Amino acid sequence: MRPLTLGDFELRVFSDGTYPLDGGAFFGVVPKLMWSKKVAADARNFCTAGLNSLLIRTGKQTVLVDTGMGNKLSDRMVKFYGQPAKLLDNLSAASVAPEDIDIVINSHLHFDHCGWNTVRDRNGKIVPTFPRAKYYAPEGEWHYARKPSERDRISYISENYDPLVESGRMTLLKGGEQILPGITVETFRGHTASMQAILVKGRGPGRAAPSPSAPRVDDIRASGAQPHTACYISDLIPTTAHLDLTWGMSFDLYPLDTIDSKKRYYARAIPQKLLTVFTHDPETSWAYVEQDESGKMIARGVE
Ligand SMILES: [Zn+2]
């Protein structure tokens, strides 16, 4: 995935790999007759889900948003999801070492969004994967994760966050905080009660020296797109196939709130041309959300 410059920030998506996800779980009450026109399923009804993390270089600091599934799944979980565990390799291929990450932000604490927060060291002790990083996660998520409902208990693996909270490495967020100038979080209820989107607003057009392959913000403006701000909207809109207001995942704990939160997001994302990052889309990591003449939500690619 090519990097993109956003003001003086450089953005790039890194994948932890893909995993099989039951089509019914992925698309909730939407009939297969409809979703199968957008997304392919295999003979067992599994679709392919991506695990997209967003790396932001501000010029001073390097920020990683969500950390995929990691490598600590139980044997039972591996049976369902495999364990692609590719994030560190993919970062390394772009010369990003774990030591380079200054800040990690988790949108929520489901196992497929914070899996690489920690690893087991040689002695089996849980340690931070990113040894210098300050970690952030929604406070409400952490409280919920300590006593989840029977419905989604399997989605929380305490080793991904409890050791970080206990050691003071993880700061818990109420929603609305600025993590760094230009990087803020905002709660969007629906998938869970406290899931937060991460909004990224680079300052000024292209002050830093981005990599030569990155399209400049001015080029994109010239093409009419104007990405002032990007938003990692996480599981509120996990893929470009979930743009329709009523196409929510069956994992969502508050499906009616998912619809309200999507409306709130689109009311800003469409007129302000936010670049939306899709956490589970195996093909389209980011796109602009637009509404066509018939009112249908569509994703328009960056390139
Ligand atoms: Zn989730």
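A: Setting aside neighbours within four places in sequence, methionine 1 is in contact (heavy atoms within 4.5 Å) with Arg12, Val13, Ser285 and Trp286. The C-alpha atoms of methionine 1 and threonine 284 are 9.7 Å apart in space, yet the two residues are 283 apart in sequence. Methionine 1 sits in the segment before strand S1 (4–6). Its relative accessible area is 43%, so methionine 1 is partly exposed. The classes are these: buried is under 20% relative accessible area, exposed is over 50%, and partly exposed is in between, with a 1.4 Å probe and protein chains only.

This is a predicted model: local features need pLDDT of at least 70, side-chain atom pairs count only at pLDDT 80 or more, and totals for chains, interfaces and linings use all residues. Residues are numbered from 1 along each chain as its sequence is written, and side-chain values use heavy atoms, with hydrogens and water left out.

Now the charged pairs. The structure holds ten salt bridges. A salt bridge here is a side-chain nitrogen of Lys or Arg within 4 Å of a carboxyl oxygen of Asp or Glu.

One of them joins the side chains of aspartate 102 and arginine 132, at 2.7 Å from N to O. Aspartate 102 is in the loop between helix H4 (87–93) and strand S5 (103–105), and arginine 132 is in the loop between strand S7 (126–128) and strand S8 (134–138), so this pair ties together parts 30 residues apart in sequence. Aspartate 102 counts as buried, because its relative accessibility is 14%.

Another salt bridge links glutamate 186 and arginine 268, at 2.8 Å from N to O. Glutamate 186 belongs to strand S11 (residues 183–187) and arginine 268 to helix H9 (residues 255–269), so the parts tied together are 82 residues apart in sequence. Glutamate 186 counts as buried at 18% relative accessibility. Arginine 268 counts as partly exposed at 24%.

Helix H9 also takes part through aspartate 257. The side chain of aspartate 257 meets that of arginine 189 in a salt bridge of 2.7 Å, N to O. Arginine 189 lies in the loop between S11 and strand S12 (196–201), while aspartate 257 lies in helix H9, so the pair ties together parts 68 residues apart in sequence. Arginine 189 is partly exposed, with a relative accessible area of 35%. Aspartate 257 is partly exposed too, at 25%. Shared partners also make a network: salt bridges join Glu186, Arg264 and Arg268.

Next, the whole chain. The protein chain has nine helices and 16 strands. These are DSSP runs, numbered from the N terminus: helices are H or I with at least four residues, strands are E with at least two. Among contacts between residues at least 6 apart in sequence, 70% join residues at least 24 apart. Of the 303 residues, 52% count as buried.

The C-alpha trace spans about 55 × 50 × 35 Å along its principal axes.
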